[in-house]
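Dear colleague,

Please find the structure below. My notes on it follow.

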Amino acid sequence: QVRLVESGGGLVQAGGSLTLSCVAEGDISGIFKMGWYRQAPGRQRELVADITRPGTTNYIDSVRGRFTISRDNAKLTIALQMNSLKPEDTAVYYCHGDILPRRGPMLNPWGQGTQVTVSS
């Protein structure tokens, strides 16, 4: 069984920083394109940032320059460093991506989500 496990959410004041981490667990050959998504109450889930296996990154306009996505392929982890946080960043953040098990086809699991709350 393959799964993604997030950590690092919490409550922070506007202007503060948080780092989210996501680790892929299971009998895994490798992780490929990975991303962080978020869903605020009453809104659709949206892509925040993604990163390819070689390290090419992509950000939505509202977080570019404030958030940094990174990865460690050997440790099967990705991270999201979030600086200058704003109340509108408040959401549940999810890790999602392409995971190749040692046996079987590519999988595309979602993590369970971690809450980020930014107070004004």
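Strands here are DSSP runs (E, at least two residues), numbered from the N terminus, and two strands pair if DSSP finds at least two bridges between them. By that rule, β1 and β3 (residues 18-25) are joined by five bridges in the antiparallel sense. C22 in β3 is the bridge partner of E6.

This is a predicted model, in which local features need pLDDT of at least 70 and side-chain atom pairs count only at pLDDT 80 or more, while totals for chains, interfaces and linings use all residues. Residues are numbered from 1 along each chain as its sequence is written, and side-chain values use heavy atoms, with hydrogens and water left out.

Sheet. Four strands make an open antiparallel sheet, ordered β1-β3-β8-β7. Because β1 (3-7) and β7 (67-72) are at the edges with a single partner strand each, one side of each has no neighbour in the sheet.

Pocket. A pocket is an open set of points on a 1 Å grid where a 1.4 Å probe fits, with protein on both sides within 12 Å along at least five of seven lines; lining residues have an atom within 4 Å of a point. The largest pocket has 14 lining residues, with R38, R43, E46, E88 and D89 nearest its centre. Both β4 and β9 supply at least two residues of that lining.

Regards
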